[in-house]
Amino acid sequence: MERNKEVDNPDQRIQEDVSSFTGFSLSFFLTVIRTTLDLVSFSAILFSIMPELFIAIIVFAAVGTGATVLVGKVLIRLHYESLQREADFRFSLVRIRENAESIAFYGGESVEERETKEKFHRVIDNSNLINVAQRNLDMFITSYNHVTEILPTIILANQYFNGIIEFGVISQVRGAFWSIL
């Protein structure tokens, strides 16, 4: 919901915030319900086709979730440091602006310039670390999703070639596998 730029009434702002919060909460609740129903229904389909594959997807999802947390955990710290470093840099700029006359009077331009450049480089360095960590996480998630696409086919290929299951079952299992994951 987009806020009205001309709102000056605190009661109206509170009403907009409550409306936004309740809308988000309802959307989140419906997503949880829909996801739970999908999980239960596709789990039943997958379990009825091949119980071993159902257990495999649960293990695969648990391992993938754990690995994603390990790979992405560094982003939490980096984003926190980013907020600190950016705030420190902004504070430094405000302090320089407010004390420009004193800095010039005492000849402190070179010291302030060096400190400001150092703080700016800390912000840039942290941004580069965030980019690398995000790239690593994205590469892991993309690779994991590709494995998810082919894993059920690999597992069921032997049964298909032996004539135990039809090709449609493989498509059904791939859809259920992806939905459960």
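This is a predicted model: local features need pLDDT of at least 70, side-chain atom pairs count only at pLDDT 80 or more; totals for chains, interfaces and linings use all residues.
S92 belongs to helix α2. Setting aside residues up to four places away in sequence, S92 touches T116 and K119. Both T116 and K119 are listed among the buried residues of α4.

I55 is also a residue of helix α2. I55 counts as exposed because its relative accessibility is 53%, over the 50% limit. Between I55 and S43 there are 9.8 Å in space, C-alpha to C-alpha, and the two are 12 residues apart in sequence.

## Helix α4

Helix α4 covers residues 109–161, which makes 53 residues. At 1.5 Å a residue this helix should span 78 Å, and the 77 Å between its end C-alpha atoms agrees with that expectation. At I155, α4 bends by about 35 degrees. Just after the helix, G163 adopts a positive phi of about 80 degrees.

The buried residues of α4 are E112, T116, K119, V123, N126, I130, A133, L137, Y144, T148, P152 and L156. Residues three or four places apart in an α-helix point the same way, because the helix has 3.6 residues a turn. The cover over the buried residues of α4 includes α2 (51–98), α3 (100–105) and α5 (167–180).

How many salt bridges does a search of the whole structure find? The search finds 6. Side chains of opposite charge can pair when their charged atoms come close.

D88 counts as partly exposed because its relative accessibility is 28%, whereas K119 is buried.

E112 forms a salt bridge with R95, and the closest N and O atoms of this pair are 2.8 Å apart. E112 lies in helix α4 and R95 in helix α2, so the pair ties together parts that are 17 residues apart in sequence. E112 counts as buried because its relative accessibility is 14%. R95, at 24% relative accessibility, therefore counts as partly exposed.

## Other salt bridges

A salt bridge of 3.2 Å, N to O, links the side chains of E113 and K117. Both residues lie in helix α4, 4 residues apart, which is about one turn of the helix. E113 has a relative accessibility of 42% and therefore counts as partly exposed. K117 is likewise partly exposed, because its relative accessibility is 46%.

R77, E81 and R85 are linked in a network of salt bridges.

## Nonpolar cores

The largest nonpolar core has 14 residues, of which L46, L53, I57, L156 and F177 touch the most other members. Helices α2, α4 and α5 each supply at least two residues of this core. The most is given by α5, with 5 residues.

Which residues are in contact with F177, leaving aside its neighbours within four places in sequence? They are L46, L53, I57, F60, T148, L151 and P152. T148 and P152 are also among the buried residues of α4. I130 and L137 are buried residues of α4.

## Helix α5

The 14 residues of α5 should span 20 Å at 1.5 Å a residue, and the end C-alpha atoms are 20 Å apart, in agreement. Within α5, the buried residues are I170, V173, A176, F177 and I180. These residues lie on the same side of α5, because they cover an arc of only 130 degrees around the axis.

Technical notes
Residues are numbered from 1 along each chain as its sequence is written. Side-chain values use heavy atoms; hydrogens and water are left out. The expected span of a helix is 1.5 Å times one less than its number of residues. The bend at a residue is the angle between axes fitted to the seven residues ending there and the seven starting there. Buried means under 20% relative accessible area, exposed over 50%, partly exposed in between (1.4 Å probe, protein chains only). Contact means heavy atoms within 4.5 Å. A salt bridge is a side-chain nitrogen of Lys or Arg within 4 Å of a carboxyl oxygen of Asp or Glu. A nonpolar core is a set of buried Ala, Val, Leu, Ile, Met, Phe, Trp, Tyr and Cys residues joined through side-chain atoms within 4.5 Å. The arc is that of the directions from the helix axis to the C-beta atoms.
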